[in-house]
Amino acid sequence: MKLKRLGHVAICVQDIQKSAEFYQNLGMELVWKDADWAYLKAGEDGLALMSPAYDQAGPHFGFIFSDRAEMEAANEQLKAQGVKVSHIHDHRDGTASFYGRDPDGNGFEYLYEPVAVAVASKN
């Protein structure tokens with residue numbers, strides 16, 4: 001497995017708009033916002049805000065892959081090692097990922113981030 005970087009942390013918030021504004025005031029750039037989810041960046045580092053209504057994932061940290069095939073191979077490799085991971089699914093913003101838990105129950109995500117998404121988020 002070749003991870004590109006540790007890319008984001010995802011936290012639960014009560015009010016997406018209020019929290020997005022708060023983190024923008026701290027200097028983060030809003031990349032994506034929907035009614036139940038928002039994504040902000042500070043340079044290459046991201047912060048995902050999830051509302052109580054967001055049911056795709058809980059709090060987690062995300063590892064970034066620049067190649068989808070590598071992310072898919074990592075999913076199979078972790079399954080073969082006995083790690084419980086979710087199926088791969090495509091996201092609204094053009095990324096794809098799967099989720100799992102470490103031995104202590106902390107959530108993680110392996111995320112494929114296409115170059116087009118990374119470039120668009122910088123504009």
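Which residues does Gly-46 touch, not counting residues up to four places away in sequence? In this predicted model, where local features need pLDDT of at least 70, side-chain atom pairs count only at pLDDT 80 or more, and totals for chains, interfaces and linings use all residues, Gly-46 touches Gly-7, His-8, Val-9, Tyr-39, Leu-40 and Lys-41. Contact here means heavy atoms within 4.5 Å. Residues are numbered from 1 along each chain as its sequence is written, and side-chain values use heavy atoms, with hydrogens and water left out.

Gly-46 is placed in strand β4, which covers residues 45-50. Helices (H or I, at least four residues) and strands (E, at least two) are DSSP runs numbered from the N terminus. Gly-46 counts as buried because its relative accessibility is 12%; buried means under 20% relative accessible area, exposed over 50%, and partly exposed in between, with a 1.4 Å probe and protein chains only. Between Gly-46 and Ala-74 the C-alpha to C-alpha distance is 22 Å, at a sequence separation of 28 residues.

Salt bridges were examined next. Side chains of opposite charge can pair when their charged atoms come close. A salt bridge is defined as a side-chain nitrogen of Lys or Arg within 4 Å of a carboxyl oxygen of Asp or Glu, and by this rule the count comes to eight. One of them joins Asp-34 to Arg-92, with the closest N and O atoms 2.7 Å apart. This pair links distant parts of the chain, 58 residues apart: Asp-34 lies in the loop between β2 (29-33) and β3 (37-42), and Arg-92 in the loop between β6 (89-90) and β7 (96-101). Asp-34 is partly exposed at 32% relative accessibility, and Arg-92 is partly exposed at 46%.

In helix α2, Lys-79 and Glu-76 lie three residues apart, about one turn of the helix, and their side chains form a salt bridge at 3.8 Å, N to O. Lys-79 is partly exposed, with a relative accessible area of 40%.

A network of salt bridges links Arg-5, Lys-41, Glu-44 and Glu-113. Lys-41 is also among the residues that Gly-46 touches.
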